[in-house]
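This report is for a reader meeting the structure for the first time.

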Amino acid sequence: MTFVRTLLAAALLALSPAFAAPALAFDSAPVPDSITTKYGETRAYFSDWLAVCTPGEDACRAVTYAGKVGHVGDYQFFVHSDLVGLDHRLMFVPIVVMADTGQPFEIIIDDESLGTFEPDADDGYYREGNVINEFTLGQSRSNLGVLPAMLAGSSMIVRFTDEHGQTGNVTFSLAGITNALRWMDAYRSGE
């Protein structure tokens, strides 16, 4: 029943005029019912995006899946937010096939290319530690270009070269991302 209330609340929030603008400021709308998992995370669903926060921590994340959407999907795209009002970290995670870590990838939102993201470049992407399939976009470019385009768009394609030299095109829905980010800020603010 809680899941049904969550979906209903998400649908009502999506229709609310307070959520029509792409700005991230949360206009004191009510926080929808959420699900608390066995891991202690609190989750809320917004169309094609899942927002996740852990009580007592400042970090939250929103994620969407592409491909065969099962437990983790074939591909994932994350928007991490460590503190309310600060920059976000954007991360592309291929699961079904690994990306070539030495090749650039391209982001296209609503048929408009945002350009290529080169490996190990300030305005490109980087990988942390030994994790081979998490590609984090550079902070400035993420927050000044990519995230605003995502909030205004309806779909996003990540074009990359896989480990076999083949070009992959992964389409992610952007429906629900704005409300997911607003919910995360409101959750941490206690609204």
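R159 has a relative accessible area of 31%, so it is partly exposed. This value, like the others here, comes from a predicted model. The side chain of R159 meets that of E106 in a salt bridge. E106, at 17% relative accessible area, is buried. R159 belongs to strand 11 (residues 155-161) and E106 to strand 7 (residues 105-109), so the pair ties together parts 53 residues apart in sequence.

The count of salt bridges comes to four. The table lists some of them.

| Pair | Closest N to O |
|---|---|
| E41 and R61 | 2.7 Å |

E41 sits in the loop between strand 1 (35-36) and strand 2 (42-46), while its partner R61 is in strand 4 (residues 60-66), 20 residues apart. E41 counts as buried because its relative accessibility is 12%, whereas R61, at 24%, counts as partly exposed.

R188 and D185 are both in helix 3, three residues apart, about one turn of the helix. Both R188 and D185 are buried. Salt bridges with shared partners also join E41, R43 and R61 into one network.

Helix 3 is mostly covered, with eleven of its 13 residues buried. The axes of helix 2 (residues 139-152) and helix 3 (residues 177-189) come within 8 Å and cross at roughly 115 degrees, which means that helix 2 is roughly perpendicular to helix 3. L147, M150 and L151 of helix 2 make the contact with I177, T178 and L181 of helix 3. Of these contact residues, five are nonpolar, one is polar and none is charged. After helix 3 comes G190, with a positive phi near 80 degrees.

Conventions. Residues are numbered from 1 along each chain as its sequence is written. This is a predicted model: local features need pLDDT of at least 70, side-chain atom pairs count only at pLDDT 80 or more; totals for chains, interfaces and linings use all residues. Side-chain values use heavy atoms; hydrogens and water are left out. Axes are lines fitted to C-alpha atoms, for helices over the stretch in contact, and angles run from 0 to 180 degrees between N-to-C directions. Helices (H or I, at least four residues) and strands (E, at least two) are DSSP runs, numbered from the N terminus. Angles under 35 degrees count as roughly parallel, over 145 as roughly antiparallel, 65 to 115 as roughly perpendicular and the rest as oblique. Contact means heavy atoms within 4.5 Å. Ala, Val, Leu, Ile, Met, Phe, Trp, Tyr, Cys and Pro count as nonpolar, Asp, Glu, Lys and Arg as charged, and the others, Gly among them, as polar. Buried means under 20% relative accessible area, exposed over 50%, partly exposed in between (1.4 Å probe, protein chains only).
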